[in-house]
Amino acid sequence: MTTSPSFTQDTADRLAVVEALYRFTAGIDLRDSNLLASSLAENAVSDFRPAAAKAGFDYPVIEGRDVIVSALTASLATLDTTHSVSNPRVAIDGDTARMDVLVEAQHVPRRDPSRHYLMKNRYDVKLVRNGDAWVITHNTIDNVWRSGDPAVLSVV
(Lines give C-alpha, C1' and ligand atoms only; values in the text may rest on other atoms or scores of the structure.)
Protein backbone atom coordinates (compact mmCIF):
# COMPACT_ATOMS: atom_id res chain seq x y z
CA MET A 1 0.00 0.00 0.00
CA THR A 2 1.31 3.40 -0.95
CA THR A 3 0.62 6.33 1.34
CA SER A 4 0.19 9.74 -0.27
CA PRO A 5 2.15 12.71 1.11
CA SER A 6 -1.11 14.58 1.75
CA PHE A 7 -2.48 11.67 3.83
CA THR A 8 0.76 11.50 5.80
CA GLN A 9 0.71 15.27 6.49
CA ASP A 10 -2.98 15.21 7.44
CA THR A 11 -2.35 12.35 9.88
CA ALA A 12 0.67 14.13 11.39
CA ASP A 13 -1.35 17.35 11.75
CA ARG A 14 -4.25 15.55 13.45
CA LEU A 15 -1.87 13.98 15.97
CA ALA A 16 -0.14 17.33 16.55
CA VAL A 17 -3.49 19.04 17.19
CA VAL A 18 -4.37 16.49 19.87
CA GLU A 19 -0.82 16.79 21.26
CA ALA A 20 -1.50 20.48 21.97
CA LEU A 21 -4.32 19.48 24.33
CA TYR A 22 -2.13 16.77 25.87
CA ARG A 23 0.45 19.49 26.65
CA PHE A 24 -2.31 21.68 28.13
CA THR A 25 -3.68 18.99 30.45
CA ALA A 26 -0.28 17.53 31.38
CA GLY A 27 0.98 21.03 32.15
CA ILE A 28 -1.87 21.40 34.63
CA ASP A 29 -1.47 17.93 36.16
CA LEU A 30 2.32 18.13 36.46
CA ARG A 31 2.25 21.76 37.61
CA ASP A 32 4.62 22.50 34.73
CA SER A 33 4.06 26.12 33.68
CA ASN A 34 6.40 25.84 30.69
CA LEU A 35 4.59 22.78 29.34
CA LEU A 36 1.22 24.46 29.85
CA ALA A 37 2.46 27.64 28.14
CA SER A 38 3.77 25.61 25.18
CA SER A 39 0.20 24.55 24.38
CA LEU A 40 -1.15 28.10 24.08
CA ALA A 41 -0.94 30.87 21.51
CA GLU A 42 0.21 34.20 22.93
CA ASN A 43 -3.30 35.64 22.61
CA ALA A 44 -5.14 32.45 23.68
CA VAL A 45 -8.55 32.55 25.35
CA SER A 46 -9.83 29.96 27.86
CA ASP A 47 -13.53 30.01 28.68
CA PHE A 48 -14.44 27.78 31.62
CA ARG A 49 -17.74 29.60 32.24
CA PRO A 50 -20.12 26.88 30.97
CA ALA A 51 -18.55 24.16 33.14
CA ALA A 52 -18.12 26.47 36.13
CA ALA A 53 -21.77 27.53 36.02
CA LYS A 54 -22.87 23.89 36.22
CA ALA A 55 -20.60 23.46 39.25
CA GLY A 56 -22.27 26.47 40.86
CA PHE A 57 -19.63 29.16 40.63
CA ASP A 58 -18.36 31.93 38.35
CA TYR A 59 -15.02 31.70 36.58
CA PRO A 60 -14.06 34.51 34.22
CA VAL A 61 -12.92 34.18 30.63
CA ILE A 62 -9.12 34.20 30.76
CA GLU A 63 -7.21 35.94 27.97
CA GLY A 64 -3.52 35.73 27.11
CA ARG A 65 -1.08 32.83 27.49
CA ASP A 66 0.69 34.23 30.56
CA VAL A 67 -2.59 35.14 32.26
CA ILE A 68 -4.06 31.67 31.59
CA VAL A 69 -0.97 29.92 32.95
CA SER A 70 -0.94 32.15 36.03
CA ALA A 71 -4.70 31.81 36.68
CA LEU A 72 -4.77 28.03 36.33
CA THR A 73 -1.63 27.63 38.42
CA ALA A 74 -3.12 29.78 41.19
CA SER A 75 -6.65 28.33 41.14
CA LEU A 76 -5.41 24.72 41.21
CA ALA A 77 -2.44 25.26 43.58
CA THR A 78 -3.96 23.27 46.47
CA LEU A 79 -5.27 20.42 44.32
CA ASP A 80 -3.89 17.31 42.69
CA THR A 81 -5.48 16.87 39.29
CA THR A 82 -5.59 14.21 36.62
CA HIS A 83 -6.98 14.86 33.16
CA SER A 84 -7.82 12.09 30.70
CA VAL A 85 -8.38 13.07 27.07
CA SER A 86 -10.61 10.94 24.82
CA ASN A 87 -12.63 10.88 21.59
CA PRO A 88 -10.92 13.79 19.80
CA ARG A 89 -12.57 14.81 16.55
CA VAL A 90 -10.29 17.09 14.54
CA ALA A 91 -11.07 19.24 11.51
CA ILE A 92 -8.15 20.99 9.79
CA ASP A 93 -8.38 23.86 7.34
CA GLY A 94 -4.91 24.95 6.23
CA ASP A 95 -3.14 26.38 9.25
CA THR A 96 -6.20 26.38 11.52
CA ALA A 97 -7.93 23.51 13.26
CA ARG A 98 -10.90 22.81 15.46
CA MET A 99 -11.25 19.92 17.87
CA ASP A 100 -14.19 18.57 19.84
CA VAL A 101 -12.91 16.33 22.63
CA LEU A 102 -13.95 14.83 25.96
CA VAL A 103 -11.77 15.47 29.01
CA GLU A 104 -12.31 13.82 32.36
CA ALA A 105 -10.84 15.96 35.14
CA GLN A 106 -10.37 14.71 38.69
CA HIS A 107 -9.67 17.28 41.43
CA VAL A 108 -8.45 16.17 44.86
CA PRO A 109 -7.37 18.50 47.69
CA ARG A 110 -3.82 17.66 48.76
CA ARG A 111 -4.75 18.29 52.42
CA ASP A 112 -7.80 16.02 52.30
CA PRO A 113 -7.54 13.26 49.67
CA SER A 114 -10.79 11.72 50.91
CA ARG A 115 -12.68 14.46 48.99
CA HIS A 116 -12.86 14.85 45.24
CA TYR A 117 -14.68 16.49 42.38
CA LEU A 118 -14.79 14.60 39.10
CA MET A 119 -15.95 16.28 35.91
CA LYS A 120 -16.50 14.97 32.40
CA ASN A 121 -16.14 18.00 30.18
CA ARG A 122 -16.51 18.67 26.49
CA TYR A 123 -13.79 20.95 25.13
CA ASP A 124 -14.36 22.99 21.98
CA VAL A 125 -10.82 23.90 20.95
CA LYS A 126 -9.58 26.20 18.17
CA LEU A 127 -5.92 26.00 17.20
CA VAL A 128 -3.36 27.44 14.79
CA ARG A 129 -0.19 26.01 13.35
CA ASN A 130 2.89 27.47 15.00
CA GLY A 131 5.91 26.14 13.11
CA ASP A 132 5.93 22.37 13.52
CA ALA A 133 3.49 22.45 16.44
CA TRP A 134 -0.12 23.46 16.96
CA VAL A 135 -1.22 25.82 19.73
CA ILE A 136 -4.59 26.56 21.27
CA THR A 137 -6.13 29.93 20.41
CA HIS A 138 -9.52 29.44 22.04
CA ASN A 139 -10.85 26.78 24.39
CA THR A 140 -14.43 26.58 25.68
CA ILE A 141 -15.11 24.01 28.39
CA ASP A 142 -18.63 22.75 29.05
CA ASN A 143 -19.60 20.07 31.53
CA VAL A 144 -21.39 16.85 30.57
CA TRP A 145 -21.61 15.31 34.07
CA ARG A 146 -19.98 15.66 37.45
CA SER A 147 -19.75 13.89 40.79
CA GLY A 148 -18.32 14.59 44.20
CA ASP A 149 -17.98 17.82 46.13
CA PRO A 150 -17.85 20.98 43.97
CA ALA A 151 -16.52 22.90 46.99
CA VAL A 152 -13.21 21.12 46.29
CA LEU A 153 -12.70 23.65 43.48
CA SER A 154 -12.75 26.52 45.94
CA VAL A 155 -10.35 25.01 48.49
CA VAL A 156 -7.51 27.38 49.37
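The model is predicted: local features need pLDDT of at least 70, side-chain atom pairs count only at pLDDT 80 or more, and totals for chains, interfaces and linings use all residues. Residues are numbered from 1 along each chain as its sequence is written, and side-chain values use heavy atoms, with hydrogens and water left out.

**Aromatic pair**
- The structure holds 1 aromatic pair (Phe, Tyr or Trp rings, the six-membered one for Trp, with centres within 6.5 Å; planes under 30 degrees apart are stacked, over 60 edge-to-face, the rest tilted).
- The ring centres of Phe48 and Tyr59 are 5.6 Å apart and the planes stand at 75°, so this pair is edge-to-face.
- Phe48 sits in the loop between strand E1 (40–47) and helix H3 (49–55), and Tyr59 in the loop between H3 and strand E2 (62–63), so the pair ties together parts 11 residues apart in sequence.
- Helices (H or I, at least four residues) and strands (E, at least two) are DSSP runs, numbered from the N terminus.
- Phe48 is buried at 15% relative accessible area, and Tyr59 is buried at 18%.
- Buried means under 20% relative accessible area, exposed over 50%, and partly exposed in between (1.4 Å probe, protein chains only).

**Nonpolar core**
- The largest nonpolar core has 37 residues (buried Ala, Val, Leu, Ile, Met, Phe, Trp, Tyr and Cys joined through side-chain atoms within 4.5 Å).
- Leu21, Phe24, Met99 and Leu127 have the most contacts inside this core.
- H1 gives the most to the core, with 7 residues.
- Beyond four places in sequence, Phe24 is in contact (heavy atoms within 4.5 Å) with residues including Leu36, Phe48, Leu72 and Ile136.

**Thr25 in helix H1**
- Thr25 is found in H1 (residues 5–29) and is buried, with a relative accessible area of 4%.
- Leaving aside neighbours within four places, Thr25 is in contact with His83, Val85 and Val103.

**Helix H4**
- Ile68, Val69 and Leu72 are buried in H4 (residues 65–75).
- The buried residues fall within an arc of 95° seen down the axis, so they line one face of the helix.
- The arc is that of the directions from the helix axis to the C-beta atoms.
- Asp66 and Ala74, on the other side of H4, are exposed.

**Asp142 in strand E6**
- Asp142 lies in E6 (residues 133–148) and is partly exposed at 29% relative accessible area.
- A polar contact of 2.9 Å joins the side chains of Asp142 and Lys54.
- Such a contact is a pair of N or O atoms within 3.5 Å; within protein, one must be able to donate a hydrogen and the other to accept it, and residues adjacent in sequence count only if both atoms are side-chain atoms.
- Asp142 and Val85 are 57 residues apart in sequence and 14 Å apart in space, C-alpha to C-alpha.
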